[in-house]
Amino acid sequence: MEKRSGRQNIAGRLWARWNRDRRILTLKAGLMALLPILCCVAACAAQGGSLSRVYLPASEWNDELFYYKQVEGILSHGYPQGYFGFNESHALKLSFAAWSPVLVWPWLLYGLIFGWNLMAPVYSNILFLTLALVLFVALVRPTWKQLGLLALLFCCFMPYTRYMLCGMPEIICFSLLTVYWGLLVNTANRETGGKLALLFLLGSLMTLMRPYLILFLLAPAWLWIRRKKGAGLAGSLAVMGVTAGCYGLIKHYLGAEYFTPLFKTEWLDPFLQGHFLGGIRGILAKIYYEGRTFFALTLQGLKSGLAEGAFFAIFLALLSVLCWQCVADLRKKRRKQAMLNGYLAFCFFSMWIALLLMYKMKEGSKHLLTFMAVGILAVAVMETRFYKKAMVIGALCVYLFWYRGDQPGDYQIYFANQERVEQMSHWQQVFQRELILQEEDTPAFDNVVIWTFNDILEDSPTGETVLTDWQVLYALPEGFGVSCCYREYVEEHLEELKSLYLAIPVGGRLQRLCEERGMEQVGQDKRVCVYRTR
């Protein structure tokens, strides 16, 4: 009886301890769940607005229009009924733009459940990042100090908040990689086949969204190879091969051609021509010269707050911290932590080389944000004594983002204003009255509005150009497509444009040409006019 009573007491104490740990973990997850919405509310208040006044048609980020209208077309008709493209390019199949449609699948899920409107991307971004942080805390189980650092760095890293408050899908990538990294940390502590399968699933899904995220398939591949040797190697290669093949098919059949190639690949030419040594020299030369530009922009970011330079500076700081901590973990024989930090440092370095070889600096800088977002989490939960590395990263983020970050195009949150709201209301009435969606034999150019990037003012002796108010195209009926075109393309092909509608600035050369050719005007306001091309 005494032995039985002793076993019952031990079981009772274990049960009580487990319940206590579960309550504490729930509390930590709950606190982190509040962070995204609090940061958004605070950021909006700091810029003189409120969360409910965030307004996509007031934004200057034109990629948001493409993402928003594509999701709207998918939800309303299964796929957009008009083509999305550039200079009237279009996908071989269906009607998506240059980027993988897989990128927006969480928005589609949100739209199916809650509906799709101008605030849906913002609310869904907040929701996705909130769920990701809750899962991260549940998987990693940070200490209270680590949780505090996690909250601090989250607040300091401005792109978290800025990209929640917009119509860009970066938060989707941030969220998936956050869950992936939490699962990887959890797997390093206790590996199971189910966790490996989930890591492969997340890694493959992220790769279909952004191809460079294939780097995160290497960790589950290594774990599988370590467990199953040859079978693990064959299986890992099969998963990566199928994933890469699926991305290639998606890009080939469902991606429209962009103005210029999305990736610079001229450095591959010597290898394709059989000049191996020449190819190596070319790669090293390109890395050297692009690297000089990279570091020059980094210095400019530190001095003036230039956005891409600021991104580069924090990216290099995170890479340095990850490398330093990896060495420190090895010296202290903390193999699991060393492998995790070393692996993430490898991913950072590989993406840096990819940026130098294949991307334009300004556009490529935004692709580093996904790596930086997970780097922030990794630094916050490092097993260190004084947390100096985390404080340095936090101070650098505050300096570059909150003190130096004064460029409206990169840091400003866009709120509704009376002029833009009235303009949108006007064009909604015009489009509903004048534009008829053709639903037979779709997708079709009869359901496409050309947005001309800019035009030359007729009464300007110096050839002054004016940008088109493309934001009015948010008012297009559901299912319509948008083709962004250069002015030169429209001028050259004005008489044989395939798209049925043309949006251009008022008072420009193109408006005069449209009038001379007798094109019917659909509508006009102070700054933009729309014509039927035939």
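This is a predicted model: local features need pLDDT of at least 70, side-chain atom pairs count only at pLDDT 80 or more; totals for chains, interfaces and linings use all residues.
## Aromatic pairs

Phenylalanine 86 counts as buried because its relative accessibility is 5%, while tryptophan 99, at 21%, counts as partly exposed. The cut-off for buried is under 20%.

## Charges over tryptophan rings

Lysine 28 is placed over the face of tryptophan 144, at 5.1 Å from the ring centre. Arginine 162 is placed over the face of tryptophan 61, and here the distance from the ring centre is 4.2 Å.

## Salt bridges between separate parts of the chain

Side chains of opposite charge can pair when their charged atoms come close. Across the whole structure, 21 salt bridges are found. In one of these, arginine 210 meets glutamate 170 at 3.1 Å, N to O. Arginine 210 is in the loop between helix H8 (193-209) and helix H9 (218-228), and glutamate 170 is in helix H7 (residues 170-189), so the contact ties together parts that are 40 residues apart in sequence. Both residues, arginine 210 and glutamate 170, are buried.

A further salt bridge is formed by the side chains of aspartate 446 and arginine 534, at 2.4 Å, N to O. This pair links distant parts of the chain, 88 residues apart: aspartate 446 is in the loop between helix H19 (418-434) and strand E2 (448-452), and arginine 534 is in the segment after strand E8 (528-532). Aspartate 446 counts as partly exposed because its relative accessibility is 28%; arginine 534, at 51%, counts as exposed.

## A salt bridge within a helix, and a network

Glutamate 516 and arginine 512 meet through their side chains in a salt bridge of 3.0 Å, N to O. Helix H21 (residues 509-516) holds both glutamate 516 and arginine 512, which lie 4 residues apart, about one turn of the helix. With 52% relative accessibility, glutamate 516 counts as exposed, whereas arginine 512 has a relative accessible area of 33% and is partly exposed.

Salt bridges also form a network, which links Glu419, Arg420, Asp469 and Arg527.

How values were computed
Residues are numbered from 1 along each chain as its sequence is written. Side-chain values use heavy atoms; hydrogens and water are left out. A salt bridge is a side-chain nitrogen of Lys or Arg within 4 Å of a carboxyl oxygen of Asp or Glu. Helices (H or I, at least four residues) and strands (E, at least two) are DSSP runs, numbered from the N terminus. Buried means under 20% relative accessible area, exposed over 50%, partly exposed in between (1.4 Å probe, protein chains only). A charge sits over a ring if NZ of Lys or CZ of Arg is within 6 Å of the ring centre and within 35 degrees of the ring normal.
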